[in-house]
Amino acid sequence: MTELGTRRALACAAGVAAAAAAIGAGELVAAVLHPSASPLLSVGSFVIDLTPGFLKETVIRAFGTGDKPFLLIVLLVLLLVLGAVAGLLELRRAPLGRVLIVVVGLVAAGAAATRHGASVVDVTPSLVDLVVGVFVLALLVGRLRPRAAGEAGPTRRGLVIATVVTAAAGALAGWGASAATAGSRRVASAIARVRLPKPVATVEPLPAGVSVGVPGVAPFLTPTADFYRIDISLSPPQVDPSSWQLEVTGEVEQPFRITYAELLAMGLSESRTTLMCVSNEVGGGLISTATWLGVPIRDLLARARPKAGADMVLSTGADGFTASSPLSALTDGRNAILAVGMNGEVLPNLHGFPVRMVVPGLYGYVSATKWLQSLQVTRYSEATAYWTNRGWSEKGPVKVSSRIDVPGRSVAPGVVAVAGVAWAQHTGIARVQLQIDDGPWRDCELGTEASIDVWRQWKYRWIAERGTHTLRVRATDRNGLVQTAKVADVVPDGATGLHTVQVQVG
Ligand SMILES: Nc1nc2c(c(=O)[nH]1)N[C@H]1C(S)=C(S)[C@@H](COP(=O)(O)O)O[C@H]1N2
Ligand SMILES: [Mo]
C-alpha cells in the first residue's frame, strides 16, 4: 500500500475505534444512570417512530420478533461506518471528523431528550458519547499526520495497538452495559405484555376545583415520571410476573398462595391515594399522588382469616425490604390495596412491578412495600421491619402537614398568589392558614376535597409590600389537630415544624 493508502486505512480504523469507544462509554454511563437513556436505544426508538408504517411491517414480517435486534445491528453498523468516515475526514481536514461526531452525538442527545418522560440525565450518555468520540478521534488521527522521517515506524505500531485496544475497550463496555441492563429489558418486555382487565370500579372524575389554578403548585395528580421514588436498592429487583406468587402466611387459619393471574381475576378497582415518605423534610418533595388500580388487601386477609391476637402484617419485597403495617389499618375498611396499576398503566418497575401495597394514612416505610412477595400476619411483639431495625418507629401514621409551593424567593409588590398543598391522609384537611411576618394566622382558600386520602391544594391572596417578608403555613386536620410548630427531625417517625419561606418583595 502506498503511504497515503496506509494512512487512510489507519484513519478509518481510528474512526471505527473512536465510534466503538464512544458507543461503549455512552451505553455504560446509561446503564448506571438510567437504562432507558441508552443512546443506541433512544436513537433506535426514534428511528422506529419515524419509520413509515408499511416499512415497519415489512421489516417485522421479514425478521419476525427479531426486528428490534435487527434494527440495532443496522444502527451499530451505520455508526461504525460513520466513524470510519469521520476518521477519513479528520485526516483530510481536521476538525471535520470531530464535527461529524459532534453532530451524530447531538442527534442522539436530541433523540434521548424527546423520549417520553425524559429528563436532563437522559442526554448525559449521548454527551459522553460525543466527548469520548471527539477525544479518541483527535488523539488517534492526530498521530497519523505526516511527521519527520524515521519517526513514523514505532509511532505507527503504537497507533495500531492503541486503535485495537480502544475498539476492544468500547466493545467490552458496550457488552458490559448490555449484560447489566438485560434484566431491566426483560422486565420492560414482561410489562409490555401484561394486559390488565378492565376495572370493576373506576374513580369518579376529579371534582372541579381540586386544583386552585395557581401555576407552580404541584399538579394534583403527579405524572408517573415525576412521582418520587425511594427504595433500598441501587437497581430495582426484576420480578417475572409469570412465576410471581404472593404468599399469605403467619397467624392465619388458612395460609395460601396466589398467582398474578389469580390476583388480576379478583377484580380491580381504581382509587386515588397520596403517598409520602417519612424522610420528607418540612417543605420537601417526597410526596406524590397517583391513581392506583388494585385489589383490597382486606379481601386477601379475609380469605386467610387472621387469628385472634395478631396485630401486624409484615410484608416483604423482593429486595429484602420489610414493612410492619398495623393489621387494623389493612382491615378497617380504608382503601388499603395491592396495586397492579398506576396512572392508567401497568405498575412501572421502579414503583414495584408486578404488585405493591398502597395504604392511605401510613408513611411508605411501614406500608408501601414494592415488588411484594409475602404478607405475614404476626404481632409487633414478635417481628420487626427493615427500618425499625435501623432506628425508625415500628408504626408510622402520616402527620398533618403543609407546604408552600409559590411564590418563589422574589416577587414584585402588589397582589401575589401564595399557594401550596396540605395533607393528612385518611383524616382529611379541614383548614389551612398562612401567617405573614408576625401577623395573625389568616384562613386560606381551599381547593375542593377529592377524598380524605389525597392532599388538598390551598391559596391565599397576598398584598405584598416592599421589603423582606416571612411566610409560614399550618394545616388543621378533620379531627381538629393543628399542625405543630415544634421542630422534629424525620427520625424516628416523621418531621414536624412549619414550612417557612422568605420572600423578597421589590
Ligand atoms: N420493596 C421495597 N418497597 C418499598 C421500599 C423499599 O426500599 N423496598 N421503600 C419504601 C419507602 S421508604 C417509600 S417512601 C415508598 C416509596 O414508594 P415509591 O418509590 O413508589 O414512591 O416505598 C416503600 N416501599
Ligand atoms: Mo420512605
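Mentor: Two strands count as paired if DSSP finds at least two bridges between them. Keep that in mind as we look at this model, which is predicted.

Trainee: Happy to. What joins strand β1 to strand β10, and in which sense do they run, parallel or antiparallel?

Mentor: The general idea comes before the case. Strands of a sheet pair through backbone hydrogen bonds, in either a parallel or an antiparallel sense. Here, β1 and β10 (residues 372–378) run parallel and are joined by four bridges. To find the pairing in your viewer, look at Glu 247, which stands opposite Ser 374 in β10.

Trainee: Which way do β1 and β2 run, parallel or antiparallel?

Mentor: Strand β1 (residues 245–250) and strand β2 (residues 256–259) run antiparallel, again with four bridges. Leu 246 has Ile 258 of β2 opposite. The two strands form a hairpin, and five residues lie between them.

Trainee: How many residues of strand β4 are buried?

Mentor: For this we need a cut-off: buried means under 20% relative accessible area. In strand β4 (residues 287–296), ten of the ten residues are buried, and the strand is described as mostly covered. Strand β4 also has partners. Strand β3 (residues 269–276) pairs with β4 over eight bridges in the antiparallel sense, and Arg 272 is opposite Thr 291 there. Strand β7 (residues 337–342) runs antiparallel to β4 as well, through five bridges, with Trp 292 facing Met 342 of β7.

Trainee: What is the order of the strands in the open sheet of four?

Mentor: The order is β11-β13-β17-β16, and the pairing is antiparallel. At the edges sit β11 and β16 (445–446), each of which pairs on one side only. Further in, strand β13 (residues 414–423) and strand β17 (residues 456–464) share nine antiparallel bridges. Val 416, for example, has Trp 462 in β17 as its bridge partner.

Trainee: Where is Ser 401, and is it buried or exposed?

Mentor: Ser 401 belongs to strand β11 (residues 401–406). Its relative accessible area is 13%, so Ser 401 is buried. As for what surrounds Ser 401, its contacts beyond four places in sequence are Ala 422, Trp 423, Ala 475 and Gln 483.

Trainee: Now the surface. Which residues make the nonpolar patch?

Mentor: Ile 73, Val 77, Val 81 and Val 85 make a nonpolar surface patch of about 340 Å². Val 77 lies in helix α4 (residues 67–92), and Val 77 counts as partly exposed because its relative accessibility is 49%.

Trainee: What does Leu 80 touch?

Mentor: Leu 80 is in helix α4 too. Setting aside residues up to four places away in sequence, Leu 80 touches Val 16, Ala 19 and Ala 20. With a relative accessibility of 30%, Leu 80 counts as partly exposed. For a sense of scale, Leu 80 and Thr 222 are 41 Å apart from C-alpha to C-alpha, and 142 residues apart in sequence.

Trainee: How many salt bridges does the count come to?

Mentor: A salt bridge needs a side-chain nitrogen of Lys or Arg within 4 Å of a carboxyl oxygen of Asp or Glu. The count comes to eleven. One of them joins the side chains of Asp 231 and Lys 370, at 2.9 Å from N to O. This pair links distant parts of the chain, 139 residues apart: Asp 231 is in the loop between α7 (152–193) and β1, and Lys 370 is in the loop between β9 (356–358) and β10. Asp 231 is partly exposed because its relative accessibility is 22%, whereas Lys 370, at 8%, is buried.

Trainee: Which strands hold Arg 431 and Asp 443?

Mentor: Arg 431 and Asp 443 form a salt bridge, with their closest N and O atoms 2.9 Å apart. Arg 431 is in strand β14 (residues 429–436) and Asp 443 in strand β15 (residues 441–443), twelve residues apart. Both ends are partly exposed, as Arg 431 has a relative accessible area of 37% and Asp 443 has 45%. Elsewhere, shared partners join Arg 229, Asp 231 and Lys 370 into one salt-bridge network.

Trainee: And into which domains is the protein divided?

Mentor: There are domain 1 (3–180), domain 2 (224–390) and domain 3 (401–505). The centres of domain 1 and domain 2, taken over C-alpha atoms, are separated by 43 Å.

Methods: Residues numbered from 1 in each chain as written. Chains lettered and ligands numbered in written order. Predicted model: local features only at pLDDT ≥ 70, side-chain atom pairs only at ≥ 80, totals over all residues. Heavy atoms only, no water. Patch = residues over 30% accessible without salt bridge, like charges linked within 9 Å, V, L, I, M, F, W, Y side chains within 5 Å. Areas by Shrake-Rupley, 256 points an atom, 1.4 Å probe, with all protein chains shown as cover. Buried < 20%, exposed > 50% of the residue type's maximum accessible area, 1.4 Å probe, protein only. Contact = heavy atoms within 4.5 Å. Domains from an automatic or database assignment.
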